[in-house]
Amino acid sequence: MPKLAATMEEGIISCWHKQVGDQVAKGEPIVEVLTGKINAEVESPATGILEQIIAADGALVPVGEAIGVIAESKVALQATPRMKKLANELGIDLAAVVGTGPNGRITEQDLQEHQQEALNADPVKATATARKMAAAEGVSLPGIQGSGVSGRIQKTDVQHALHEETAEKISHLVLDDYEVLPLTGMRKMIGDNMAASAFSAPHVTLTTEVVMDQAVQLRQELREKYRNEAKITFTDFINAVVIKVLQEMPEVNATLEGNEIRRWHKVNLALAVARKKGLIVPVLKNAGRKSLTEISQHTADLVERARADRLTLEEIQGGTFTVSNLGMYDIDGFTPIINPPQAAILGVGRILERAVVVEHEVMVKPTMVLSISFDHRIMDGDAAARFLKRLKYLLENPYQPVVE
Amino acid sequence: MAENIVEADLAIIGGGPGGYVAAIRGAQLGAQVVLIEEDQLGGTCLNRGCIPTKALLETAHEYQKLDTLAQRGIKVAGKELDWAQALAQKDKAVKTLVGGVGYLLQRNQVRVIKGHGQFVDARTLLCRQSDGSESKIQAERIVIATGSQPKGIPVEGIDGQRVLSSTELLNLPSLPQSLAIIGGGAIGVEFASVFHDLGVEVSVIEALPNLLPTMDADLGVFLAKKFSKQGIRVEVNTLVQGLRDIGSSEEIRIKNKDGREQIFQAEYVLLAAGRQANTAGLNLAGIGLNLAAGVIPVNEYLETAINGIYAIGDVIGGIMLAHVASREGIVAVENALGHKVKADYRSVPACIYTHPEIASVGLTEVEASKHYEIAVHRFPFQANGRAVAVDQAEGFVKLVSEQKYGQILGIHLVGPMVTELVGEAGLAVAMESTVEELATTIHAHPTFNEALMEVAHAAIGSPIHNL
């Protein structure tokens, strides 16, 4: 298991691109590894045959332990004498070329592409000592910021990366009066993101109360109906209605990127998921095309993998609108911070039996507080208010869409 | 009294190798620069140090070489030294280079004001010119580059007429018969070499156990042996007890660490026991800038305790070398003009122009062993083709490397032209090169610098031309 980031201690095998017996070339991506935040492709350290896969897909492996065995190739290379001659002229090691012809035969195009790739490769600049130290200590050079001339990575930079890692381990101090945790990694990333959003996007939060009696009833019916396919939660139900309103109102389903306001045709619904190690926001892609059961199934899968640290980078990118639901924590209502570059975020409170006035009479009904925070650079209050009003209407009259 | 006010972005006090380089760098970065110099541009280095001594060293070496030509089949009849002409050649070289500095400053539009500069406040300098006129210079950023001067030692008789500084010695009207040098550092041993080669009877007195005490010990040990063989008297572990002018010469009383006292005589005594920062007359106390151990303290960006005032070169102590001052001048000015650069002293070459030459860069064996598991390898110039061919096969290259990664930590050389070879060694240290890299780089044959490749081969376990 290679060390892909300074703080990486273990990684999960996401998937092998190669099977046992496959020919692999040095530098060719052979396996995908999931670290705390991202999915990374791991390149083959050598040319040869993948002889054994030690850690299968899904396995959690500490850094430094073997995940597979590559046997250096002794078999005859699949190349015609003409290709061998050409490779010789171009100074290419045929063993490093992956053949795409019949039976893995190396073609002239393979040679040309290989040479182009070699030319395009941007080698990491590092001193010889830094390289040796990084190799010996299992530190990945591309992740390190070089302090030397033209950004060359020096020994101290590698030491610093190593030290940071140790510091993170040891600086979790429990003192008599308090506990010290470093503001690093995930915590720092979230903090920086939230601060950037709070200080650059002018936030306005609108709040409304929704009577949920009909929604509660409909959700109950739907849950029974689809019980074999999915476990439809209130969150799924509310999300489905949110998705519908977003499709109607692209001015809310928007992002601000540079000087462009982008109103998205697709709804990519971002879902805030709490985890011990920090908030993560996986994205339900193209949610407008999904049925309620699909929404429910995919959400469950995303949440489960978010908690297991097994999301890909792609799965946490590209959101167009975020929903943050704190109902399960008995929160009535709150003012969420926008997840940039998105235009708005919906905060969902708990559903609680409250006193409601219906036709001059006080009645007890389940209600829920919704709040929307929006970026006033992207839209005005009326758009957010109309969004909230429409959402409230559909939740209070959930049977309505059928006849609309 | 005529007083005019000059405004500038950057003012530099002192036009030595630190100050003038700083001024040019400032101008390159677009600043309006004023440079204050009370004497000649080029400072100690150009006028009283590095350059004039190199001129005389060459004269001395050529003169001494005449004695060795017979073995090459060259017969020389008559050998005579015209000391006045030797000084004239030296002065001409100095004048050329000083003129060159003036020209560079002029072409870079640096305004040079001749006179003595001192602080009025943290943004204002007062410059008194020799004709009595005064200028006030107002600058947002000021760099102090006032250099150093020879340091006295607390010894009876040190103020005597026959006790000279290097500057005075360089301008003696005639060569002395004998010379005693107090201090076996870079300046002391170079003067010993020059005057010995010119036929003067020379003694060197060093308080510490080795000549060149700040360098790798092997170098000083080698040089002491070489000096003794040449007929230079070397007294290490020895303190000067007293000096006395006895009319035609000076009587020198010394005592070594075993308590043995000796008295001997020399026509002149050269005081070369270190240098002290030039901080007097700047009114540093007036602006609240305090000294620490006699030098101006600075941070790693070379800024003093007062915002906007920087100090560089000998006046901040540290490694008192012209090339260090120049680098510091560039670093300070870049920081003064909005960059953020640290002074990096990992690869500072030091060169001693004796015969044979001595040079080093990086950590000494002792320094390195405090921080690393080290390996030490040597390669002798006796095994270097060119050195043998030109009959200069003496000395060695010593390589100090770190064991685990093979990082080159220090290279120490004594031998032919090693002051030029040290450039490559310096690059290797600065680039954190490993012994493998140095060994596998093809070096031209026959050159002296093959010795660097050879010592690296030794470090990776396989010297080709040595056993």
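Let me start with helix H11 of chain B, residues 418–430, which in this predicted model has 13 residues and reaches 18 Å from its first C-alpha to its last, close to the 18 Å expected at 1.5 Å a residue. Several of its residues are buried, among them Val418(B), Leu421(B), Val422(B), Ala425(B) and Val429(B). In general, an α-helix has 3.6 residues a turn, so residues three or four places apart point the same way. After the helix comes Glu432(B), whose phi is positive, near 55 degrees.

Now to the place where the two chains meet. Chain A gives 12 residues to the contact and chain B gives 13, and the area buried between them is about 970 Å², with 44% of that coming from carbon and sulfur atoms. On the side of chain A, Thr129(A), Lys132(A) and Lys155(A) together supply 47% of the area that chain A buries against chain B, more than any other three residues.

Which residue of chain A forms a salt bridge with Glu436(B)? The partner is Lys132(A), and the closest N and O atoms are 3.0 Å apart. The elements giving two or more residues to this side of chain A are helix H3 (128–137) and helix H4 (155–170), and the largest share, 7 residues, comes from H3(A). By type, the residues on this side divide into 4 nonpolar, 4 polar and 4 charged.

Finally, Gly11(A), in strand S1 of chain A, counts as buried because its relative accessibility is 1%.

Note on methods:
Residues are numbered from 1 along each chain as its sequence is written. Chains are lettered from A and ligands numbered from 1 in the order in which they are written. This is a predicted model: local features need pLDDT of at least 70, side-chain atom pairs count only at pLDDT 80 or more; totals for chains, interfaces and linings use all residues. Side-chain values use heavy atoms; hydrogens and water are left out. Helices (H or I, at least four residues) and strands (E, at least two) are DSSP runs, numbered from the N terminus. Buried means under 20% relative accessible area, exposed over 50%, partly exposed in between (1.4 Å probe, protein chains only). The expected span of a helix is 1.5 Å times one less than its number of residues. Contact means heavy atoms within 4.5 Å. Buried area is the accessible area (1.4 Å probe) that two parts lose on being put together, summed over both. A salt bridge is a side-chain nitrogen of Lys or Arg within 4 Å of a carboxyl oxygen of Asp or Glu. Ala, Val, Leu, Ile, Met, Phe, Trp, Tyr, Cys and Pro count as nonpolar, Asp, Glu, Lys and Arg as charged, and the others, Gly among them, as polar.
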